[in-house]
Amino acid sequence: MSNVNTHTYNEICAQSEALQAAWEQLNNQQDWLKQYIGNTEFEQVLFIGSGSSWYQAMTMAAVYRAWTGRPATAHPSSDLFLFRNQTVTTALNTLLVGVSRSGESHEVILALESVQDLTNWATCGITCYADSKLARMTECLVSPLGQEKSTVMTKSLSSMTFMMLAAIAQAYGHHQALQQLETVLQSNAAIVTLADNAARKWVESNSFTKTIYLGMGSMYGLALEACLKLKEMTYTWTEAYGTLEFRHGPKSIVDADTQVILLLSEQARHYELKVAKEMKQYGATIVLVAAQESEDTQFADYVINIGHAELMDEARSVLYLPFVQYNGYYTAVARGLNPDDPRNLTQFVSL
């Protein structure tokens, strides 16, 4: 399988540089950290987005809760402006964080506009475009090398997720997290290369009619994103679940034409591997993206060892993304599809 010189492939490959630029950009936005994500006057933080941006918002909210001990949730932006009272509690002092690669997502913009009447709410955002509508209407973190020509999100999502994690750690003086994020930054280029080779090898020798992505904690949103990447680029039947939740009914779909790709945490490793072993017994092919390969992973059909088991799952989370992005890309190429031009899709959705 030869590489197709596509924007998608090149942008997946370039995510290490995008993470580095996002890390450096935080030094220029210290006032943003103090005024918004690090401001303890807010009683809750709400992260909103649409599609991939909602999925990364889930990871941002999970990490915020874990590293600060404070309330945070993630919601689809449409739920906020169409079903506000069913979605959130408006009485609390609230920070609303809009997440949008382009900064032009109509649903995110509408959601932010819909809360302007709430005097106890403040808004901010994160985007890759400093001249976007989102960045003009509210103060935003900007991932300077996250901009993309491709339709599907790859380096934009990796860099914005990493940037927000670093912002949370900096704002709350979580020195251990910052040190671990620096380790991730230094290792990311090697993981991108490893993931490229691993995904190419896997797709060249395997083909499935069904793919299930599993993940828990900060990896749950990433599992949903991994599912979307494969679905967007290849139009294949793909789903994503919380790892243990998959056992409660959905596992009935597993058969010999199913691959289960587990984004394995260290925190719940024992329990998640029990689920993977059960799916193996039902005939599924098991792929593990794991921080360490050991005796307990020998049952799996393929293990992508990203290393750094010593790090917190939250700090390590973006290292899981390159493999699932390349998996979508190489599967598209194997099917004769152009990953730059997925059917029915555009960079952002208009209402």
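## Salt bridges in a predicted model

R84 and D117 form a salt bridge in this predicted model, with 3.5 Å between the closest N and O atoms.

**Exercise 1.** State which parts of the chain the pair R84 and D117 ties together.

*Solution.* Step 1: R84 belongs to helix α6, residues 84-87. Step 2: D117 sits in the loop between α7 (106-114) and β4 (121-127).

**Exercise 2.** Classify R84 and D117 as buried, partly exposed or exposed.

*Solution.* Step 1: exposed means over 50% relative accessible area, and buried means under 20%. Step 2: R84 has 22% relative accessibility, so this residue is partly exposed. Step 3: D117 has 52%, so this residue counts as exposed.

**Exercise 3.** Describe the salt bridge between E266 and R269 and the accessibility of each partner.

*Solution.* Step 1: the closest N and O atoms of E266 and R269 are 2.8 Å apart. Step 2: E266 has a relative accessible area of 22% and is partly exposed. Step 3: R269, at 9%, is buried.

**Exercise 4.** Locate the salt bridge between R316 and D313.

*Solution.* Step 1: the N to O distance between the two side chains is 2.9 Å. Step 2: both residues lie in helix α13 (residues 313-316), where they are three residues apart, or about one turn of the helix. Step 3: R316 and D313 are both buried.

Definitions and conventions. Residues are numbered from 1 along each chain as its sequence is written. This is a predicted model: local features need pLDDT of at least 70, side-chain atom pairs count only at pLDDT 80 or more; totals for chains, interfaces and linings use all residues. Side-chain values use heavy atoms; hydrogens and water are left out. A salt bridge is a side-chain nitrogen of Lys or Arg within 4 Å of a carboxyl oxygen of Asp or Glu. Helices (H or I, at least four residues) and strands (E, at least two) are DSSP runs, numbered from the N terminus. Buried means under 20% relative accessible area, exposed over 50%, partly exposed in between (1.4 Å probe, protein chains only).
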